Amino acid sequence: MRRSWLAVVMAACTVWAGFSSGAVTLVENGQPKAALVLPDEPLGQETAAAEEIRDYLKRISGAELPIVNQAGVSKGQTRIWIGRAAPKEVVQALQSKTDDPNALAVFAGKDQISLTGIVKDADVAREKKIKEEIAALQAAKQKLPRGLQIEKTGGIMFAAYELLE
């Protein structure tokens, strides 16, 4: 089942605003006041989640939030941590409660929102290997994959491919 990242962001903002004395600001006067923060080497699903949130917020506000890595957050910017970029304590809290690959942790605090799920090391290694194989094909100027076979493992989608002759 596809998660609706927009619903998660809106829920996080609502929870945060409901339990705090202020509000988290994502956009102000048509200008982004927040950044979507990805890990330095994001997985495909982390990038897709950030893009989905950015695109939806642009449709409703007119402002395009930047997608950055952890070092790219400007001072004073609200941070929306995506996936493995989330603070370690958020990830650890989720892992202490469940090992369900469909679980999702939402944390909202002062100037930050964290959205993360459970990602297994084997899943990260497998996606990295696929990216490396495709990059090697492109570097060798070989034809790219013809057919894609989608496989779901541990909550992450992988594409297997066969080469054109």
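This is a predicted model: local features need pLDDT of at least 70, side-chain atom pairs count only at pLDDT 80 or more; totals for chains, interfaces and linings use all residues.
User: In what order do the elements of the protein run from the N terminus on?
Analyst: They run α-β-β-β-α-β-β-α-β-β-α-β-β. That comes to 4 helices and 9 strands. Helices (H or I, at least four residues) and strands (E, at least two) are DSSP runs, numbered from the N terminus.

User: OK. How much of the protein counts as buried?
Analyst: 33% of its 165 residues. Buried means under 20% relative accessible area, exposed over 50%, and partly exposed in between (1.4 Å probe, protein chains only).

User: And what does the accessible surface come to?
Analyst: About 10,000 Å², with 53% belonging to carbon and sulfur atoms. The areas come from the Shrake-Rupley method with a 1.4 Å probe; for residues, only the protein chains shown count as cover.

User: Now the sheet. What is the strand order in the open sheet of 5 strands?
Analyst: E4-E3-E5-E7-E6, with mixed pairing. Strand E4 (67–69) and strand E6 (104–109) are the edges, each pairing on one side only. The twist averages 20° from one strand to the next. Two strands pair if DSSP finds at least two bridges between them. For angles, axes are lines fitted to C-alpha atoms, for helices over the stretch in contact, and values run from 0 to 180 degrees between N-to-C directions.

User: Does E5 run parallel or antiparallel to E7?
Analyst: Parallel. 4 bridges join strand E5 (residues 78–82) to E7. E5 also pairs with E3 in the parallel sense, over 4 bridges. E5 is mostly covered, with 4 of its 5 residues buried.

User: Which residue stands opposite Ser-114?
Analyst: Trp-81. Ser-114 itself is in strand E7 (residues 112–117).

User: Why does Ser-114 count as buried?
Analyst: Because its relative accessibility is 0%. Leaving aside neighbours within four places in sequence, Ser-114 is in contact with Trp-81, Ala-86, Pro-87, Val-90, Ala-105, Val-106 and Phe-107. Contact means heavy atoms within 4.5 Å.

User: What about Gln-112, buried or exposed?
Analyst: Buried, with a relative accessible area of 17%. Not counting residues up to four places away in sequence, Gln-112 touches Thr-78, Arg-79, Trp-81, Pro-87 and Phe-107.

User: Switching to helices. Which strands does H2 lie across?
Analyst: Helix H2 (residues 44–61) lies across strand E3 (34–38), E4, E5 and E7. H2 runs at about 165° to E3. Helix H3 (residues 88–97) also packs on the sheet, touching E6 and E7. The direction of H3 makes about 40° with that of E7.

User: Which residues of H3 are buried?
Analyst: Val-90, Val-91 and Leu-94. Seen down the axis of H3, they fall within an arc of 95°, so they line one face of the helix. The arc is that of the directions from the helix axis to the C-beta atoms. What covers them includes E6 and E7.

User: And which are exposed on the other side of H3?
Analyst: Lys-88, Glu-89 and Ser-96.

User: Last one. What share of the contacts with a separation of 6 or more comes from residues 24 or more positions apart?
Analyst: 65%.

Conventions. Residues are numbered from 1 along each chain as its sequence is written. Side-chain values use heavy atoms; hydrogens and water are left out.
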